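Me: I have just opened this structure and would like to go through it with you. Could we begin with the charged side chains?

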Amino acid sequence: MKRKEKLSRRQKRAKRRSIFKTLFLLSVTLIFNTYAWFLYTTTVSSNLTAHVDAWHVEFRIDDKTVEKEFKIQIDHAYPGMKDEIKKITIINDGDREAGIGYVVKSVRIFDEQFVATDQLSSGESVPTGATGLTADELLDKIENDYPFHVTFTTSADKILTGESQDLNINFAWAYESGDDEKDTNYGTTSYEYSQVNSGKAAIEMSIKLIVAQDETS
């Protein structure tokens, strides 16, 4: 009977030691598994949390911030006038370089109105009385069909991060353009328009700036 009790005590001690070892090993396993999981999730999180490039471009005319679509107005147009130059400064505060360009959406020259049909938004139509042209045709028209000239120049076609570029819009009407008939006709029209429409700009252009982030940089 005593032998059975002694064996029973040994068995109990062995059982307790076995339980302790099991708990110890389980604790160690849990610790290593937790650490491994921490490393795994940290690595995965690091891989998944990609840097999102900031994209911020600012447009300024005469130190005033403007939207990417804006209007240029020539209050008085006549032969021999001083050139009017509008400088649009494009500032790239983003993380990538960008390509820059422009498009003329619409032009009003005295009482004539022209609209770039390929720049109309969905649902928009050419206003009554206006002439519809493509953006390229409209740009060619204002650059070549009148005694006055509108020219667009940029210092570069790309803008690096942290830098700025200028788009200059120059309106010029020489005293003698080389076409006396055009000079006389449009000079007379300009004078008559200013007399009838006091306070209204003689010429108005709607310009849209195009700045596209360079995905390869």
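Me: How many salt bridges does the structure hold?
Reply: The structure holds three salt bridges, a salt bridge being a side-chain nitrogen of Lys or Arg within 4 Å of a carboxyl oxygen of Asp or Glu. This is a predicted model, in which local features need pLDDT of at least 70, side-chain atom pairs count only at pLDDT 80 or more, and totals for chains, interfaces and linings use all residues. Residues are numbered from 1 along each chain as its sequence is written, and side-chain values use heavy atoms, with hydrogens and water left out.

Me: Which side chain meets K105 in a salt bridge?
Reply: That partner is E69, at 3.1 Å from N to O. K105 is in strand β5 and E69 in strand β3 (residues 69-74), so the pair ties together parts that are 36 residues apart in sequence. Strands (E, at least two residues) and helices (H or I, at least four) are DSSP runs, numbered from the N terminus.

Me: Is K105 buried or exposed?
Reply: K105 counts as buried, at 17% relative accessibility, whereas E69 counts as partly exposed at 37%. Buried means under 20% relative accessible area, exposed means over 50%, and partly exposed lies in between, with a 1.4 Å probe and protein chains only.

Me: And which residue forms a salt bridge with K158?
Reply: K158 pairs with E97, and their closest N and O atoms are 3.3 Å apart. This pair links distant parts of the chain, 61 residues apart: K158 is in strand β9 (residues 158-159), and E97 is in the loop between β4 (84-92) and β5. E97 counts as buried at 18% relative accessibility, while K158 is partly exposed with a relative accessible area of 40%.

Me: What about K141?
Reply: K141 forms a salt bridge with D145, with the closest N and O atoms 3.5 Å apart. D145 is partly exposed, at a relative accessible area of 33%.

Me: Where is E204, and what does it touch?
Reply: E204 is in strand β11 (residues 203-213). Apart from neighbours within four places in sequence, E204 is in contact (heavy atoms within 4.5 Å) with K71, I72, Q73, S106, V107 and R108.

Me: Changing topic, where does F110 lie?
Reply: F110 lies in the loop between β5 and β6. Its phi is near 60°, a positive value in a residue other than glycine. F110 is buried, with a relative accessible area of 3%.

Me: How many helices and strands are there in the chain?
Reply: The chain has three helices and 11 strands. From the N terminus on, the order is α-β-β-β-β-β-β-β-α-β-β-β-α-β.

Me: What share of the chain is buried?
Reply: Buried residues make up 29% of the 217 residues.
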